[in-house]
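Dear colleague,

Please find the structure below, together with its sequence. My notes on what was found in it follow.

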Amino acid sequence: MARIVVDPITRIEGHLRIEAEIEGGFIKDAWSSATMFRGIEKILRGRDPRDAWFWTQRFCGVCTTVHSIASVRAVEDALKIKIPPNAQLIRNIIMGIQNVQDHVIHFYHLHALDWVDITSGLKADPTKTAALAASLSDWPNNSATYFKAVQDKVKAFVASGRLGPFANAYWGHPAYKLPPEANLMATAHYLEALEWQKDVIKIHAILGSKNPHPQSFLVGGMSIPIDPDSQNALNADKLMEIKRLLKKAQDFVEKVYIPDLLAVASFYKEWAAIGGGLGNYMSYGEFPDANGNLWFPSGALLDKDLSKVITVDQGKIAEYVDHSWFEGAGTGKGLHPFDGETEVRYTGPKPPYANLDTNAKYSFVKSPRYEEKAMEVGPLARILVAYASGHKETKAVVDLVLGKLGVGAPALFSTLGRTAARGIDALLIAQQTPKWLDELIGNISKGDYRIHNNERWDPSTWPTEAKGYGFHEAPRGALGHWIKIKDQKIQNYQAVVPSTWNASPRDAKGQRGAYEAALVGTPVADANKPLEILRTIHSFDPCLACAVHVMDVDGNEVVRVKVS
Amino acid sequence: MSEPLIFKRYYVWQLPVRICHWVNALSVLLLSISGFLIGYPVIVGSSPESFLMGWVRFIHFVAGYALIISVISRLLWSLNDHCFSGWREYFPFLTREGRKQILVMLKFYFFIDRKTPDAVGHNQLAVTAYVGLFLIFFGMFVSGFALYAEYAPGGTMHAVLNPVYLILSTQTLHLYHHIGMWLIICFVINHIYSVWLLDIKEKGGEITSIFSGYKYTTKVHVFSEGKECDENGCFIKVKK
Amino acid sequence: MSKQQNSDASEKTEQSLETREYSVGEILKQRGVSRRDFLKFCTAMTAAMSLPASFATSVAQALDEVKRPTLVWLNFQDCTGDSEALLRAANPTVGEIILDILSVDYHETIMAAAGHQADEALESTITKYKGKYLCVVEGSISMKDDGVYGCTSGKTHLEIARKVCGSAAATIAIGTCAAYGGIAAAVPNPTGAVGVKDAVPGATVINLPGCPCNADNLTATIVHYLVFGKIPALDGKGRPLFAYGKRIHDNCERRPHFDAGQYVEHWGDNAHRKGFCLYKMGCKGPATFHNCPTQRYNEKTSWPVASGHGCAGCSEPQFWDTMGPMYKRLPNVPGFGIEQTADKIGLGMAVGVGAAFAVHGVISALRKDKKPEETREG
């Protein structure tokens, strides 16, 4: 039995380390460890709750809007603030394009190189590549000249003698199965997506000043004013620019991303049986309308059972620290995020180290569990919950994709399923977001310019003590923030983020986290080049900076504030 | 029957001292009002062409320059040999006799004793407070000009004040600048009250002295070096 | 492609590296970038560096001569926001940076290699180009408990930083975390986070703070280094003057409203819609040096003030502690409640002093004066 270590796991956000035991060409057991810690929640204590979104936004610069959204929602929940419909629509558009852009970047720039061998594309015939591409979609760039130009570019790059970020990869690995033409097409789209993503995300700049880290969130609404007769507010010109960019986003997803995804997936169908993992899925649901009804439904599924959708109750979430570098009451029994009491204490080996002691504590990520069960979150969970709940739009797209690949719904419980679900998610949201924009335009034409609810802006209007939580179904899955406010200050702040669920180490009962469970049974052809590990891990789209945090509450104060 | 009291007239505040005093007072008033309005603009301009905040800031800067010039002038004037405005008089806490007189003044304020210090010009406690005030002024000049100079980074003033920026952030400077203003306002309240109180209690024309320059007193000023002064505020030889 | 072929390719790669290095200009030509596009890029860079337009030709000339230099990008205690900013770069785009201008030999977020192969890429790069490569650091470096709060491939970030930044030609600390410790270093700084200069005092460091840094400032700094062969002039806080030489407030498009006395009082009010000054909403533009108002973000689309929200002061050291609370003009006074501004405390103090003296005055008035005879005795 061989123990292998992949550290750093690259093409993710943050610092992730995977240790795995391999026996007979398959992974027998695996451990996921986060090796970086900042402690932002501890830093947040004592600060103005209205500032929290700006701090939590820095949990992550990749899913850069999600923690702002969850944070303002948590404070709004605590202070009982209802935001105006326009603010909700603006947030929906921001979240929507964040999802689409994030998924495309993930597919092409973080995940594709696990399936696509760029060097093989050098041998491709551009004419055949164009024919292949044209058979998939009517994207205007599907010409032989275009693919020839890309191929020449890559050739010149390789000839320059410096492979830069593409050096030392697993090129030529036997697990790469795409024909040269598909590889060339994907390489071309890798470069095209790089250009595309910086354009479509300008929607964040228009609505929120910049991306990454847009700056127009407010507790109670948004700061981007609406006034068709002002050049310093959202006006017709800016709205049309958003419309154009949303169209561009939708076109790319429909004509490039989804066709590429289907084409690549058709060569790797065996991955529909690998990397299934936990089989428990949870989604908080997302995209509320003016009345708070969610477009994507919330719910949970257990043991891959699509016939029964469980209602999610935030009170049933608890975090364990039995295998995390923290100490306190979270050992042995889980603590609800409102009631946590934990202090960081690193007990791992002294660096530099070769291996972690995975029988003891081995990660800065905690182990959140729902009713003591490990859950997988993310686009797959979101799509499965929507599919099982009978969400009309989701059902149509999922059935279409399954039909095209010629597989049944169980194929979704896999590494390939995760990657496919991300595409389905992007497609659904790319098609839905323009409708929210139209709704916003409709409101504006009726003269509704409200973007912020001022009633509870002034801290003197707040109760002495308040607490609340904010859920957000982020690109990477179910995200929750919990806040306790006392004397107009943050008394405690806690975030349980998607990658905490997925990257979690074992809990008190020894149950594996989602990454760990999904890796078990994965084949590894060459232990020295564990490409297969990257495939499964990347299919989750890890985001580790978010996942690592500390909850820190003064134990005495916890007793006084009862959990509702 | 006791002897009749002899009130002697002393020329305590020379003209430059009085001018500096009133320039200081006026600038502090203007600086406080304009400063407060900069921190909390209650003015509402009617059009972008108006320059209300601009003028408020202009007044603040002009008054700031006036104050620093006045304070520097006063410091230079303190190099002269006058009994009541010379620099020697400003550090009574350094001598035993001076500290005794400070204690006398404190006892008076706390109703422990009715006696006031042996002072003709500034009393020893007041003069100590003025040293404190000048230190606050210094802090205000440093923080104020450091904030002011940020409009022209790379300029001489900015370069000279560079160490300040490395120690304190701009926001901290703002904070200290605000706190400094409130300390000065507290001083002003104290100052006006004390002048009024001593004017009544000592009957020496305390208030009018800052206009006329003359004070009337029965006392003999205690100087640290055991010197004495004449009615014009000039030192005279000590007779032992 | 078989393993054999693969190793052939890398051998060939090595060979061509030995025999010939190409200039940026040549590579662009090979890559099919027209001379016109190249000059356009040079002009944009010239503008970004605040140089007169006439410099564009010398920028082009210099880039023509510069070989594609090596860059390694290290992620420490970060959120990857600066890497994401790099992905949004427009002049040049990230594609051009990676393929044409630089040889980005290590960047965990984008590189194809992983695990020990990634490690080896870093190791061989810093050995081969010792003293010649550029290093970009993103994220703060934990110093507490020997740096165990940040590890990559079993090594602490502190150890990696000392090694990699120590033998770089220059290190660019991108973002406020790498420059000054950033959010992780905010009170109480649980992990002892510091910026690069504090972790590796001997390194040549250019600070490009911002949360995240504006990618245009990064590319301009790199080009400045390539073109002029030296690092740009820095201010007292280690930031290039071309990007941090002026206060946001003094370049702000809403400055006339400030001078006029026209302020936003509530979010969404008429003043807000008309683009009045955000001073009273806590804007930190008057305390922040950065080129946001002119350079803007996402291909000059917008910047915080233009979206109706005040500046957060993100390019200043320790801004997390000194610039907050975000919606107030002044920082809180330590030891007092969150609503207790310096001015409320000051006003309280003044009222207290006034009241104390009023009482004193009443007592003094009621108190019997000394008889003149007694004066004599004293």
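**Chain A**

In chain A, 75% of the contacts with a separation of 6 or more are between residues 24 or more positions apart. Please bear in mind that this is a predicted model. Chain A contains 17 helices and 16 strands. Its radius of gyration is 23 Å, close to the 24 Å that the globule rule gives for 564 residues, so chain A is as compact as a globular protein of that length. Along the principal axes, the C-alpha atoms of chain A fill a box of roughly 70 × 65 × 50 Å. Of the 564 residues in chain A, 64% are buried.

The domain assignment divides chain C into domain 1 (21–58 + 65–244), domain 2 (248–322) and domain 3 (337–367). The centres of domain 2 and domain 3 of chain C, taken over C-alpha atoms, are 37 Å apart.

Between these two chains, 92 residues of chain C are in contact with 98 residues of chain A. On the chain C side, helix 1 (residues 3–19) provides the largest share, seven residues. That side of chain C comprises 41 nonpolar, 35 polar and 16 charged residues.

**Chain B and its contact with chain C**

Here, 42 residues of chain B are in contact with 44 residues of chain C. On the chain B side, at least two residues each come from helix 2 (52–77), helix 6 (162–167) and helix 7 (170–202). Helix 7 of chain B gives the largest share, 16 residues. By class, the side of chain B that touches chain C holds 22 nonpolar, 16 polar and four charged residues.

With kind regards

Definitions and conventions:
Residues are numbered from 1 along each chain as its sequence is written. Chains are lettered from A and ligands numbered from 1 in the order in which they are written. This is a predicted model: local features need pLDDT of at least 70, side-chain atom pairs count only at pLDDT 80 or more; totals for chains, interfaces and linings use all residues. Two residues are in contact if their C-beta atoms, placed from the backbone, lie within 7 Å. Helices (H or I, at least four residues) and strands (E, at least two) are DSSP runs, numbered from the N terminus. Ala, Val, Leu, Ile, Met, Phe, Trp, Tyr, Cys and Pro count as nonpolar, Asp, Glu, Lys and Arg as charged, and the others, Gly among them, as polar. Domain bounds come from an automatic or database domain assignment. The radius of gyration is taken over C-alpha atoms; the globule rule is 2.2 Å times the number of residues to the power 0.38. A residue is buried if 20 or more other C-beta atoms lie within 10 Å of its own, exposed if 12 or fewer, and partly exposed in between; C-beta atoms are placed from the backbone.
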